[in-house]
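Colleague: I'm new to this one, could you walk me through it? I'll just ask things as they come up.

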Amino acid sequence: MKLKYLLILAAFINLIACKETEAKLNQSKLEVEVFKGKEASVNRYVFNNGKSIVIMDALRSSENASELAKFVENKKLPLTHILVTHGHPDHYIGMDILAQKFPEAKIVVAGKEIKDDIIGFSNWMESVGWLEGEPNLKPKSDKNPNGFDYEGKIQVLETNQLTLKGGGTLELEINYSAAEAEHLTSVYSKDLEALFTSDFCYNGVHLWLGQGVDQKNIDGWKNELNKLKAAYSNTNVTIYPGHGEKSTIDLIDINLKYISDFENTIKTSSSKEEAMDKMKKLYPNWEQAEFLLLNSVNYHMNLKENK
Ligand SMILES: [Zn+2]
């Protein structure tokens, strides 16, 4: 009799063990890979759970995006979403190529304001001739019937979560003050213990403080960085910036220091050349001095002169 009970118990334990293994097999592990764009030293993040792929941001040019498309094709998994974090062209120009290569993938944003920023920026770029090299990204209109249908192709997500097909959730946040852009999305993954700050943080790449980033934005930017620092200070979170290498929470202080160095430099310089020299001396190895820094210095020295 006793033996019979023992056998039943053993069979039961075995059944539970099998169920657990099955659960583990079904539970896909979320991974992230960085794809570094050549232009603007901008990062694309590729989330992969072994079943499907989500891309965060779409690179500065169609050429860079074609390389990203090959990278994704080699994974042999469906790309379900292309998430654009904000309305700056280094984060969305490549979306057309990706959408063409992966027609099943949805281009998504975390709020209508981000879609509006993208449309606004593209209309402006077209008006000043900046889209001549990327004609597919010209807004679709009677004049450009083959242009990009921003209204129809960009979908606004209904919740602040993006769950990958096969498991793993990305938490999206857009409730921030205007900063490097008017509206920005950050992405947090509990599985990865990682915060993808988009352009709230840069690492080893000069920050964009050019057109559109006036004093109100600078103050908002600093304020949000301080809030993020407080929110994640007692964690082991990995920070993945919009531009440059991943880092620890200390990257937030580095960005705060950069912004205050930039403000001091503008205040104490009497020419653009002087401001450029000072910033290059303070940040000798940071990338994109002749593009990002140059535009930032020109913009703020002009604001100062016209005060
Ligand atoms: Zn950027």
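Predicted model: local features only at pLDDT ≥ 70, side-chain atom pairs only at ≥ 80, totals over all residues.

Colleague: OK, zooming out. How many helices and strands are in the protein chain?

Modeller: You'll find 9 helices and 11 strands. The C-alpha trace spans about 95 × 50 × 30 Å along its principal axes. The chain has 307 residues, and 40% of them are buried.

Colleague: What share of the contacts comes from residues 24 or more positions apart?

Modeller: Counting contacts with a separation of 6 or more, 66% are between residues 24 or more positions apart.

Colleague: Let's switch to H6. What span should it have, and what does the model show?

Modeller: H6 covers residues 215-232, so at 1.5 Å a residue its 18 residues should span 26 Å. The end C-alpha atoms are 26 Å apart, which agrees.

Colleague: Which residues of H6 are buried?

Modeller: Trp221, Glu224, Leu225 and Leu228 are. Looking down the axis of H6, the buried residues fall within an arc of 105 degrees, so they line one face of the helix.

Colleague: Why would residues a few places apart point the same way?

Modeller: An α-helix has 3.6 residues a turn, so residues three or four places apart point the same way.

Colleague: What's exposed on the other side of H6, and what covers the buried residues?

Modeller: Gln215, Lys216 and Ala230 are exposed on that other side. The cover over the buried residues of H6 includes strand S10 (194-203) and helix H7 (250-268).

Colleague: While we're on H7, is threonine 265 buried or exposed?

Modeller: Thr265, which lies in H7, counts as buried because 21 other C-beta atoms are within 10 Å, and the cut-off is 20 or more. Beyond residues up to four places away in sequence, Thr265 touches Ala275, Lys278 and Met279.

Colleague: How far is threonine 265 from valine 297?

Modeller: They're 32 residues apart in sequence and 9.1 Å apart in space, C-alpha to C-alpha.

Colleague: Last topic: what's the mean pLDDT?

Modeller: The mean is 91, with 90% of residues reaching 70 or more.

Note on methods: Residues numbered from 1 in each chain as written. Helix = DSSP H or I, 4+ residues; strand = E, 2+ residues; numbered from the N terminus. Buried ≥ 20, exposed ≤ 12 C-beta atoms within 10 Å, placed from the backbone. Contact = placed C-beta atoms within 7 Å. Expected span 1.5 Å × (residues − 1). Arc of directions from axis to C-beta. pLDDT = per-residue confidence, 0-100.
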